[in-house]
Amino acid sequence: MSIDVDTVVKIARLARLKVPDADRPQLAKELSGILTWIEQLNEVDTQGVEPLSSVSDVTLPMREDVVSDGGIAAKVLANAPGGAVYLEPGDPSAGGFFTVPKVVE
């Protein structure tokens, strides 16, 4: 398949690319070469060849998909900036969040 300059202009417009007039003939030649190469690949007999999703035949281990809060909120929030106080989820004054000193006037 051969690509001409008018087709390059149309492709550039569809792709929202600005292609200078001087570059269009070279780009048409390169695109034609790519399409010729694809046509050669289409001639290869691939009957009975399984498609690849990876070059290595490895099955990744899967874990059970369970929603969890981790159960370590106090340990995680212990890394908060100095002065932060973790208030237990049962504390009605905070509801399981941590407080820090006011830094904005």
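User: Which side chains meet in a salt bridge, and what is the N to O distance?

Analyst: This is a predicted model, so the distance is a computed one. Side chains of opposite charge can pair when their charged atoms come close. A search of the whole structure turns up 1 salt bridge. The side chains that meet in it are Asp 21 and Arg 24, with an N to O distance of 2.7 Å.

User: Is Asp 21 buried or exposed, and what about Arg 24?

Analyst: Exposed means over 50% relative accessible area, buried means under 20%, and partly exposed is in between. Asp 21 has 57%, so Asp 21 is exposed. Arg 24 comes in at 22%, so that residue is partly exposed.

User: Arg 24 also turns up where H1 and H2 meet. Which residues of H1 are involved there?

Analyst: On the H2 side, the residues are Arg 24, Pro 25, Leu 27, Ala 28 and Leu 31. Their partners in H1 are Val 5, Val 8, Val 9 and Ile 11.

User: How are the axes of H1 and H2 arranged: roughly parallel or roughly perpendicular?

Analyst: H1 covers residues 5–14, and its axis comes within 9 Å of the H2 axis. The two axes cross at roughly 90°. An angle of 65 to 115 degrees counts as roughly perpendicular, so H1 is, relative to H2, roughly perpendicular.

User: Staying in H2, is Ser 32 buried or exposed, and which residues does Ser 32 touch?

Analyst: Ser 32 sits in helix H2. Its relative accessible area is 13%, and under 20% counts as buried, so Ser 32 is buried. Leaving out residues up to four places away in sequence, Ser 32 touches Met 1, Ser 2 and Ile 3.

User: Zooming out, in what order do the elements run from the N terminus?

Analyst: The protein has 3 helices and 2 strands. Starting at the N terminus, the order is α-α-α-β-β.

User: And what share of the residues is buried?

Analyst: The protein exposes about 9,700 Å², with carbon and sulfur atoms supplying 58% of that area. Out of the 105 residues in the protein, the buried share is 9%.

Definitions and conventions: Residues numbered from 1 in each chain as written. Predicted model: local features only at pLDDT ≥ 70, side-chain atom pairs only at ≥ 80, totals over all residues. Heavy atoms only, no water. Helix = DSSP H or I, 4+ residues; strand = E, 2+ residues; numbered from the N terminus. Buried < 20%, exposed > 50% of the residue type's maximum accessible area, 1.4 Å probe, protein only. Areas by Shrake-Rupley, 256 points an atom, 1.4 Å probe, with all protein chains shown as cover. Salt bridge = Lys/Arg side-chain N within 4 Å of Asp/Glu carboxyl O. Contact = heavy atoms within 4.5 Å. Axes fitted to C-alpha atoms, helices over the stretch in contact; angles between N-to-C directions. Parallel < 35°, antiparallel > 145°, perpendicular 65-115°, else oblique.
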